[in-house]
Amino acid sequence: MDPFADTLRRLREAFSAGRTRPAEFRAAQLRGLGRFLQEHKQLLQEALAQDLHKATQLDSAFIRKEPFGLVLVIAPWNYPVNLTLVPLVGALAAGNCVVLKPSEFSRSTEKVLAEVLPRYVDQSCFAVVPGGPQETGQLLEHKFDYIFFTGSPRVGRIVMSAAAKHLTPVTLELGGKNPCYVDDDCDPQTVANRLAWFRYFNTGQTCVAPDYVLCSPDTQERLLPALQSAITRFYGEDPRSSPNLGRIISDKHFQRLRGLLGCGRVAIGGQSDESERYIAPTVLVDVEETEPVMQEEIFGPILPIVNVRSLDEAIDFINRREKPLALYAFSNNKQVVKRVLAQTSSGSFCGNDGFMHLTLDSLPFGGVGASGMGSYHGKFSFDTFSHHRACLLRCPGMEKIYSIRYPPYSPRKLRVL
Ligand code: NAD
């Protein structure tokens, strides 16, 4: 019998029920802690004296942000300039030496970063290592002082295991399936414009793109013609000839995505051409939760719609799955957006639009749970790449006052401490 199962279940249930969230609850718990310390000061002092024979007193303190040392930045292919240089800015600004490992899939960018970028930074402190899994694996055998990884959860696990061997701290910027709830109370064309824009942007190869839509069958019926209209306006009658629609990065990714077109029923798009790695902006309906398109991150121009009967059902659906990198909710009713926000968890959240939150330097960008750990952007990048060293400086004098800490502890000394 597991001696902890009941306790852990009780705490998880309390958390899921939202008990610890209200500000009054938190304040009440902290007041309780304060009372405990006040009312049982004597008891605690006696316990401390018995356990450790000690008591402590601190004066002023400060935090010194210091570079970790040698940092490894590993990047994916989908925004190969942005996702290498933005972490690099943080790592350099904080004073680290950096090894940069771009993705082998975005070959041309990798070449520019390896051959041209080093001319612009001090090469004694900076190196670019081109290559794929094999080279990254070799790099990871070495000890780094910090590892910043952007990529898939699968490789994130490999990186974290390698880091654990050296107790190296990590930031993991991962992916996953980002839900998008569309409420019945909405303007379908506005929602469709925004959805189509941020689902098909970069041909759907964006970590924060909405991965699937949750809505009622009625809203789906209103949304489909609006999505068709938005897609035609953005990419023309023949999206294949549109200069605004890109291609899938590799044959491997193309084959995977083409396999997903067989899920549910194609309501919009569905065409593909292997010779160009082209996949049309696609919407799938009648999709079951158990189908492959609902298991893995899509990372392409395919948008499945899953029907739910209510907001509660949508929230349950989201909470049954891994915590996503981003979560979206569309509604004219502010209370609905606020409920989705309050009753779910995700790396980031945007109400009534797509990924605009990550364009703001004032907000940290990162995942939670399976979508990652740690965050960056703006000042948060500097903090991520800095060790926050806790410091205390004390004057060398005033020994008479400080000597109260030293044993032997008389009842008088204990009263002061
Ligand atoms: P990936 O995990 O396959 O590769 C990322 C990096 O890891 C590459 O540099 C690659 O060379 C290296 N790598 C691959 N296999 C490896 C292995 N076995 N051992 C060691 N290193 C290995 O990811 P990807 O296909 O380049 O990018 C797509 C993924 O990245 C998606 O899941 C997407 O959601 C995620 N992503 C996340 C963010 C974010 O900011 N959270 C941004 C962009 C992409």
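# Exposure, backbone, salt bridges and pockets

Q: Is Asp286 buried, partly exposed or exposed?
A: The model is predicted, so local features need pLDDT of at least 70 and side-chain atom pairs count only at pLDDT 80 or more, while totals for chains, interfaces and linings use all residues. Residues are numbered from 1 along each chain as its sequence is written, and side-chain values use heavy atoms, with hydrogens and water left out. Buried means under 20% relative accessible area, exposed means over 50%, and partly exposed lies in between (1.4 Å probe, protein chains only). At 44% relative accessibility, Asp286 is partly exposed.

Q: Where is Asp286, and what is its phi?
A: Helices (H or I, at least four residues) and strands (E, at least two) are DSSP runs, numbered from the N terminus. Asp286 is placed in the loop between strand 12 and strand 13. Most residues other than glycine have a negative phi. Asp286 has a positive value, near 55°.

Q: Is Thr203 buried or exposed?
A: Thr203 is in the loop between helix 8 (188-200) and strand 8 (212-215). Its phi is positive, near 55°, in a residue other than glycine. With a relative accessible area of 3%, Thr203 is buried.

Q: Which residues does a cis peptide bond join?
A: Most peptide bonds are trans. In the loop between helix 14 (399-402) and helix 15 (411-416) lies Pro408. Omega is about 5° at the cis bond, which joins Pro407 and Pro408.

Q: How many residues apart in sequence are the parts that Glu276 and Arg247 tie together?
A: A salt bridge here is a side-chain nitrogen of Lys or Arg within 4 Å of a carboxyl oxygen of Asp or Glu, and Glu276 and Arg247 form one at 2.8 Å, N to O. Glu276 lies in the loop between strand 10 (272-273) and strand 11 (278-279), and Arg247 in the loop between helix 9 (217-235) and helix 10 (251-260), so the parts tied together are apart in sequence by 29 residues.

Q: Which residues are linked with Arg247 and Glu276 in a network of salt bridges?
A: Glu276 is partly exposed, with a relative accessible area of 32%, and Arg247 is partly exposed at 25%. The network that links these two also holds Arg240 and Asp273.

Q: Where do Arg258 and Glu274 lie?
A: The side chains of Arg258 and Glu274 meet in a salt bridge of 3.3 Å, N to O. The pair ties together parts that are 16 residues apart in sequence, because Arg258 lies in helix 10 and Glu274 in the loop between strand 10 and strand 11.

Q: Is Arg320 buried or exposed?
A: Arg320 meets Glu289 in a salt bridge of 2.9 Å, N to O. At 53% relative accessibility, Arg320 counts as exposed.

Q: Which residues make a nonpolar surface patch of about 420 Å²?
A: Patches are made of residues with over 30% relative accessible area and no salt bridge, with like charges joined within 9 Å and nonpolar side chains (Val, Leu, Ile, Met, Phe, Trp, Tyr) within 5 Å. Accessible areas come from the Shrake-Rupley method with a 1.4 Å probe, and for residues only the protein chains shown count as cover. Phe36, in helix 2 (residues 23-39), is partly exposed at 41%. The patch is made by Leu30, Leu33, Phe36 and Leu37.

Q: What is the volume of the largest cavity?
A: On a 1 Å grid over the protein atoms alone, a cavity is a set of points where a 1.4 Å probe fits but cannot get out, and a pocket is an open set with protein on both sides within 12 Å along at least five of seven lines; lining residues have an atom within 4 Å of a point. Grid points are joined across faces, edges and corners, and a volume is the space filled by probe spheres set on the points. Residues lining the largest cavity include Gly176, Arg199, Cys207 and Phe299. Its volume is about 40 Å³.

Q: Which helix gives the largest share of the lining of the second largest pocket?
A: The second largest pocket holds about 530 Å³ of space. Of its 20 lining residues, the closest to the centre are Phe15, Ser16, Arg21, Asn319 and Gln343. Helix 1 (5-16), helix 11 (311-319) and helix 12 (334-343) each give two or more residues to the lining. The largest share, five residues, comes from helix 11.
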